[in-house]
Amino acid sequence: MRFLFKMALFFRFVRLLNIFVYVLILTCYNEVTLWIERKISMLLDLLIIGAGPTGIFASFYAGMKGLKAVLIESQNYVGGQMTALYKDKPVYDIPGKKGVIAQQFIDDLMKQYEVYHEEVPLITKCEANAIKKTDFGYIVSTNLQDFETKSVLICSGSGSFEPKLLDVPGSEHPKVIYHVEDVKLMKDKDVLILGGGDSALDFGMLLEKYGAHTKILHRREHFRAHETSIQTYEKLGHILKPYQVLSILEEQKKLNVHIEHAETKETSVIVTDYVLVNYGFSLKSSFYQAWGLDMKGKELVVSSTMETSEKGIYAVGNAVTYKGKTKNILSGLGEVSTAISEISKMIYPHKIPVYSSMMGEKENKENKL
Ligand SMILES: Cc1cc2nc3c(=O)[nH]c(=O)nc-3n(C[C@H](O)[C@H](O)[C@H](O)COP(=O)(O)OP(=O)(O)OC[C@H]3O[C@@H](n4cnc5c(N)ncnc54)[C@H](O)[C@@H]3O)c2cc1C
């Protein structure tokens, strides 16, 4: 009798234990599911690397498709090659934009993107340097922070354009600059601009407009610039040519720039507040190979949906190659539409794609168009 009673107690205990274990497993399962859901909801839908024409347009398109995205750019300016290499040149082969000036086109793209700058923020001086696969998507590491994202769109062209450096004793002084962060702060300052292209003259005219006193020093006799720009600048500032910089020394809070005439070898000193170097840009190529993606030459191999060899990583523009690829703005922008539509389908498979013109008033308002 006592034995039977003990057995009954034992079975009751086992049953209770079973229920306890079952409840524990269920709770753990719910907790894990919640954790995964929370983790996934914290991820970006998309990280866009590079703010050239394709990256800016991709950011607008991602915003319009309701994707939670971030646009990163390694430089402190946007526009890619169009801004770095030929910002004042007219471009003739963009539909409906006859002879548009390159920088104007970038400004127009930025205006179009601007409505989504909260949903798709832009972070400049942020260079992607590694992509790692995770259980939920990817971690993209940059010099500023890591981004966890479900997908990646590479719009980084052939790489980033770094300013060519002045390499003389003293050139590492913080007042030897390559870009003007805020032109207003240059009011009443003496600025010696080094360079012989349109960009140096443009900077000269801009800084004069904001009350700076500028000189442009060029190492050759002839400028690589529009004659009208040279004439306009000559009325405002002072041109020194052909001279080269020998060294820079700080004295009484001013920079003493030692220069030498290229032919007579006569030396002299210019006293200035800032030296603005404008020697153009050199290409720092990206490291797609190190990211483990299939390449052909220096370009990424993509499928007809613009997906690279890695699922969830897409690429467009000058960064890619495929049969029939043309490296121009028009084809890059078309590729953006394909890539973003594919990414949107992958992340939100139940969303029905519609033409922007057919979105209706409600959607247009929601989409800020
Ligand atoms: C002189 C010249 C004239 C041209 N004229 C024309 C023309 O008339 N018509 C035409 O259609 N095309 C023209 N092109 C080609 C056109 O400019 C390119 O096809 C276009 O700029 C490619 O755009 P993209 O966005 O793919 O790359 P890019 O313009 O190269 O932009 C890439 C961006 O990514 C950034 N980046 C790179 N690596 C990283 C990283 N690791 N992390 C973060 N950011 C990064 C770069 O800094 C850059 O801003 C011309 C090109 C040149 C050089």
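The model is a predicted one, in which local features need pLDDT of at least 70 and side-chain atom pairs count only at pLDDT 80 or more, whereas totals for chains, interfaces and linings use all residues. Residues are numbered from 1 along each chain as its sequence is written, and side-chain values use heavy atoms, with hydrogens and water left out.

K150 forms a salt bridge with D45, with 3.0 Å between the closest N and O atoms; a salt bridge is defined here as a side-chain nitrogen of Lys or Arg within 4 Å of a carboxyl oxygen of Asp or Glu. The pair links distant parts of the chain, with D45 in strand β1 (residues 44-49) and K150 in strand β8 (residues 146-154), 105 residues apart. Helices (H or I, at least four residues) and strands (E, at least two) are DSSP runs, numbered from the N terminus. D45 is buried, at a relative accessible area of 1%.

The structure holds 10 salt bridges. Among them, K254 and D273 meet through their side chains at 3.1 Å, N to O. K254 belongs to strand β15 (residues 254-261), while D273 occupies the loop between β16 (267-272) and β17 (274-277), 19 residues apart. K254 is partly exposed at 26%, and D273 is buried at 11% relative accessibility. Together with D190, these two residues are linked in a network of salt bridges.

A further salt bridge joins the side chains of K327 and E299 (2.7 Å, N to O). K327 lies in the loop between β22 (320-321) and α7 (329-347) and E299 in strand β20 (residues 299-301), so the pair ties together parts 28 residues apart in sequence. The relative accessible area of K327 is 44%, which is partly exposed, whereas E299 counts as buried at 18%.

In helix α6 (residues 227-234), the buried residues are S229, I230 and Y233. They cover an arc of only 100° around the axis, which puts them on the same side of α6; the arc is that of the directions from the helix axis to the C-beta atoms. E227 and T228 are exposed on the other side of α6. The buried residues of α6 pack against α5 (198-209), β12 (213-217) and β13 (238-240), contact being heavy atoms within 4.5 Å.

Technical notes. Buried means under 20% relative accessible area, exposed over 50%, partly exposed in between (1.4 Å probe, protein chains only).
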